[in-house]
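This report describes one protein model for a reader who is new to structural analysis. Please keep the sequence and the three-dimensional view at hand while reading.

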Amino acid sequence: MLMPPPTRTKKDFLRCRLKSWRALLSIIAALIYATTLFIIVKTATIDRTSYILSLTTATHPSSDPSVRTGTALHRQTRQNDSNHYKSVAKEIAAKWNLTSPEAPYLLEQQFYRAHNYNPKTDFLHFHHIPKTGGTSISKLMDGTLGALVEGHRGILPGSQRSGSFDPTIFYALNGISQNNQSNTSDVDLPYLASYGHTRLRPIHGPNKTKLASFFEDYFNFPNNSPRRLRSLAMLREPMDLRASNYAMAMCSVNGKVDALNMNRSQRGLEPICTPEEGLNISKFVDEMVHKAMAKCPGGLKPLDTMKMDKYDRILCNRGRKAMDFCRSPSHLLSSTIYTNGMRSLLKGLMARYTADQQMGMHEYKSVEEHLSSIGSCFSTEKVEEYTLIDLGGLESNIMHTAYEGYDTNNTLSSSGNKNGTVRSNAEPDFLWFGITE
């Protein structure tokens, strides 16, 4: 039995893991893994169309007197920057097939956000959508926000780079009982941020998330005080993101390709990464079906589940074709499960599709079905525009004013709002989002 050089195998596996899905998903151009970062803070808004004005109060940079002053060189530099921002926004809108005529303009606004993050009054939560490059952002937070506190304790315990936020870790590390929090007076709470595959919104109302409930307790500890919760997010082109999610989580393609090439290496063979080299993804599905059907030839029985993995249970419950969406890009794109998944990619992040929805109403429906069920008309442009408005810090009904605390009714105090009015049940805004392509 021939063994390959150890220095080659690991690299080959990593190369194949990426290359196989590049070739398989021919609908997607060669992936360039680069991050375009947009600083987003809600101190500016736009004035564009009457629809957008109904959600925002905006000021374009060109209307700011400070932009019109300065030397000719500075004015030229600002003009060059503005032209570049317009160009990048148009490229993103075109690449993502956005249909709203307002999309390039809304994307452009992300470059004009002012900085108003205050580590003394703000607490950041990075909602890591799987397969968006979020692990790298979590590492970046460890090295920046984490390092701002002595002993690198700026990241809240319970944060996980590739998992959900786990409050039990926080309680265990700080010696706090979840059921009896009277012993928290001596607990040091220097934390500035958290991260994980965990929804933050909504933090109020009947659909309040478990993470929001945790933060409610956390900010009420004796040595702590309420802070303005603010969100961070990474996005990825939707078709690419869904395909990558299904390849790893639903179809286990990455692991199967690794196992195949490990076996080939043990036999002295080169790894294969593309259909042209003999990689047959559909064969993996056939093997899953054969294994499952051998366990449940007459259908699934309750006592059988202990002997089955998740693919066995899916196939025994739903039939031999239940995993056919894993066979090829065309199978994936035509499947109902893919269509529904595509329509709900960002709902967990934003907690709704449009401004006329109640936050946190999560259903396994397409956006068309969901909006119809609550008596709201659907249009692609409507959902696109609201997504860019919310993520871009332009939603007037989301808190983005200077924070000075909540009153006992979870209402933003009037001193914390510039116009002196009380804003109730303010939700976390998006301080920043990035795009991985």
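## Terms and overall composition

The model under discussion is predicted. In these terms, the secondary structure of the protein consists of 16 helices and seven strands.

The protein has 437 residues, of which 48% count as buried. Among contacts with a separation of 6 or more, 68% are between residues 24 or more positions apart.

## Helix 10 and its two partners

How are helix 10 and helix 11 arranged relative to each other? Helix 10 covers residues 281-295 and helix 11 covers residues 310-318; the two pack at an angle of about 70°, and their axes are 9 Å apart. Angles of 65 to 115 degrees count as roughly perpendicular, and helix 10 and helix 11 are therefore roughly perpendicular to each other. On the side of helix 10, the contact is formed by Met 288, Val 289, Lys 291, Ala 292, Met 293 and Lys 295, while helix 11 contributes Tyr 311, Asp 312, Leu 315 and Cys 316. Seven of the residues in this contact are nonpolar, three are charged and none is polar.

Helix 10 also packs with helix 9, at an angle of about 100° and with the axes 11 Å apart. Helix 9 and helix 10 are therefore roughly perpendicular to each other. Here Val 253, Lys 256, Val 257 and Leu 260 of helix 9 meet Ile 281, Phe 284 and Met 288 of helix 10. The residues of this contact comprise six nonpolar, one charged and no polar.

## The nonpolar cores

Which residues have the most contacts inside the largest nonpolar core? They are Leu 315, Met 323 and Phe 325, in a core of 27 residues. Helix 8 (238-250), helix 9 (253-266), helix 10 and helix 11 are the elements that give two or more residues to this core. Helix 10 provides the largest share, seven residues.

When its neighbours within four places in sequence are left aside, Met 323 is in contact with Met 250, Val 285, Met 288, Tyr 311, Ile 314 and Leu 315. Another core, of 22 residues, lies apart from the largest one; among its members are Ile 92, Tyr 386, Leu 388 and Ile 389.

Glu 91 is a residue of helix 3, which spans residues 72-95. Its relative accessibility is 52%; exposed means over 50%, so Glu 91 counts as exposed. Along the chain, Glu 91 and Pro 104 are 13 residues apart, and their C-alpha atoms are separated by 8.3 Å.

Asn 97 lies in the loop between helix 3 and helix 4 (103-108). The phi angle of Asn 97 is near 55°, a positive value in a residue other than glycine. At 55% relative accessibility, Asn 97 counts as exposed.

## The loop between helix 5 and helix 6

The loop between helix 5 (134-143) and helix 6 (167-173) contains His 152. This residue is not a glycine, yet His 152 has a positive phi of about 55°. His 152 counts as exposed, at 59% relative accessibility.

Leu 148 lies in the loop between helix 5 and helix 6 as well. Is Leu 148 buried or exposed? Leu 148 is exposed, with a relative accessible area of 58%. The C-alpha atoms of Leu 148 and Tyr 191 are separated by 9.4 Å, and these residues are 43 apart along the chain.

## Further local features

Arg 201 and Pro 202 are joined by a cis peptide bond, with omega of about -10°. Pro 202 is located in the loop between strand 3 (193-196) and helix 7 (210-218).

Asp 258 belongs to helix 9. At 21% relative accessibility, Asp 258 counts as partly exposed. Asp 258 and Ile 272 are 14 residues apart in sequence, and the C-alpha to C-alpha distance is 9.8 Å.

How values were computed. Residues are numbered from 1 along each chain as its sequence is written. This is a predicted model: local features need pLDDT of at least 70, side-chain atom pairs count only at pLDDT 80 or more; totals for chains, interfaces and linings use all residues. Side-chain values use heavy atoms; hydrogens and water are left out. Axes are lines fitted to C-alpha atoms, for helices over the stretch in contact, and angles run from 0 to 180 degrees between N-to-C directions. Helices (H or I, at least four residues) and strands (E, at least two) are DSSP runs, numbered from the N terminus. Angles under 35 degrees count as roughly parallel, over 145 as roughly antiparallel, 65 to 115 as roughly perpendicular and the rest as oblique. Contact means heavy atoms within 4.5 Å. Ala, Val, Leu, Ile, Met, Phe, Trp, Tyr, Cys and Pro count as nonpolar, Asp, Glu, Lys and Arg as charged, and the others, Gly among them, as polar. A nonpolar core is a set of buried Ala, Val, Leu, Ile, Met, Phe, Trp, Tyr and Cys residues joined through side-chain atoms within 4.5 Å. Buried means under 20% relative accessible area, exposed over 50%, partly exposed in between (1.4 Å probe, protein chains only).
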